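Visitor: I'm new to protein structures and would like a close look at a single part. Please start with the whole and then zoom in.

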Amino acid sequence: MKNWLFGTLIIAFLIGCKQEAPVSTEPISFYDTQLFKDVQMSGIFEDSKTFVDLVPKKDIATLEEEYLQTKDNQEFSLNDFVLENFEDKSMKGLQFELDTTQNMYTHISHMWDKLKRNPDSVIAHSTRIALPHNYIVPGGRFQEIYYWDSYFTMEGLLVDKQDEVAQSMVDNFAFLIDSIGFIPNGTRDYYKTRSQPPYFALMVDAIARKDEQLLVKYLPQMTKEYQYWMEGAQKGDSLDPEKRVVNLSDGITLNRYWDAGNTPRPESYKEDFLLASSLPSDSLKQLLYKNLRSAAASGWDFSSRWFGEEGGLASTEILSILPVDLNSLLYFMEKTLAKANGIKGDTSAQQQFETLAETRKKAIQTYFWNDQNGYFHDYNFDKASMTTAPTLAGVTPLFFGLATEEQAEKVKDMIMNTFLKDGGLVTTLDHSGQQWDAPNGWAPLQWLAVNGLLNYGYVEEAKEIMTRWLALNEKVYANTGKMMEKYNVEDLSLLSGGGEYPTQDGFGWTNGVALGFKQLLKDLERPN
């Protein structure tokens, strides 16, 4: 009866909405040109992202024609052709003088102006998606806005009383939902085939701490984003996954990460192409490309968390995985939609979303809790079993209050006894060489773990994690004058963690979490 009610509610919600479900668009034709493929495979640029962020001086059809006509000439230089026909319009505002005499937290506060971007002008032929409001970029190679990064950045902005910028960030994401139908991975057209972990409801909730009516203001966009994530749920008991939803045999619908494309990612074209080159058929290559793209949609690109039994990046099988953190985020989205509709006075919609959230909460307990080791895992629906290796994603149910007290205690023990290292929490226990694995620690995961522990009263444990993480941040800052994207939490002699691309500095979410932790520690020291 309950499963039937869940399916009925989903169908009623999706049919009742006036907005049509958004459809992801494929990248522009430039990515299919011979010029694009030849440049990306040539190695002219060390980072494949560099070329796709350059701005063509002419329309793509003209450039492709000129290239095909001249590329076989004896004197032709591909490097010269690119230099003559493309320009770098990246913003140079990230260049700053290092000053390690500054306090790290003072440095972060000063960095907001370096990382802030004014409303974008539309540039012909650029891959950038122009935004109408101010925003903060992560830093380094990332000079456009990124989806899930921005929530953690915003928490720091709010600590620093940068409320106006924080709300303009939310306004930009609302604009993206209204204009594209969802929030893409980042504001480049090559990201239009996928989203990222859906933190928009958390962003709205954060700025609504001072004004609950903001939940109502952004209710249309939160509703539309929910539609995007639940598109296909109306198919009921079908065992065939549909985009971002998987309708399970018991009538329960849960979510996965999914990208609409099945070609190499434009921003990592050479890497993806070479990885798939040994596969024997085009269909297997396309499946790998879709899995790699979908892993990028998770924000955890890349990690042994998504590997199949044979291991290695080429075994990535995220399309078969229901992630515990994603489904916890969808639970929060449903709770927030219920709350916003309640404030608005729509009690019918409020009850509808409350029921959806409660059904998902029970499903998270059913599919993601591993009673044997006392931890939350992902679920592989193709294998009808939980994944075996624990990851730091397992703390997310605590962050959203989905765990029982008994479960929270077991998760706490796992975190403190297994994941906690000298510099904070390690992402996984696997040293695979991928950046979302050991020995790396990432600011957003520290934030989720610490606040999850605090939700269940584990104050001393939370303080220990914060203290170790901030000590590592401060040590690296003292040596470099920079805040890093990620850190090696096992070997504190290193200045940052390794991974898919060169170490980045800046850095939006590291800044945000550092300020957030500083404030949390201050609040915890206050007498009751």
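Visitor: Among contacts between residues at least 6 apart in sequence, what percentage join residues at least 24 apart? After that, please show me closely where helix 11 and helix 14 pack.

Guide: Happy to! This is a predicted model, in which local features need pLDDT of at least 70 and side-chain atom pairs count only at pLDDT 80 or more, while totals for chains, interfaces and linings use all residues. Residues are numbered from 1 along each chain as its sequence is written, and side-chain values use heavy atoms, leaving out hydrogens and water.

Your percentage is 68%, for contacts between residues at least 6 apart that join residues at least 24 apart; contact means heavy atoms within 4.5 Å. The protein has 20 helices and 15 strands, both taken as DSSP runs numbered from the N terminus (helices H or I, at least four residues; strands E, at least two). Of its 528 residues, 58% count as buried, that is, under 20% relative accessible area with a 1.4 Å probe and protein chains only, where exposed means over 50% and partly exposed lies in between.

Now to your pair. Helix 11 covers residues 219–230 and helix 14 covers residues 324–344. They pack at an angle of about 145°, with axes 10 Å apart; axes are lines fitted to C-alpha atoms over the stretch in contact, and angles run from 0 to 180 degrees between N-to-C directions. The crossing of helix 11 and helix 14 is left-handed, meaning that the near helix is turned anticlockwise from the far one by less than a right angle (clockwise would be right-handed).

Which residues meet there? From helix 11, they include Leu-219, Met-222, Tyr-226 and Trp-229, and from helix 14, Leu-326, Leu-330, Met-333 and Leu-337 are among them. By class, this contact has ten nonpolar, three polar and three charged residues. Here Ala, Val, Leu, Ile, Met, Phe, Trp, Tyr, Cys and Pro count as nonpolar, Asp, Glu, Lys and Arg as charged, and the others, Gly among them, as polar. An α-helix has 3.6 residues a turn, so residues three or four places apart point the same way.

Tyr-199 sits in the loop between helix 8 (163–180) and helix 9 (200–207). Because its relative accessibility is 2%, Tyr-199 counts as buried. Finally, Tyr-199 and Ser-150 are 49 residues apart in sequence and 8.5 Å apart in space, C-alpha to C-alpha.
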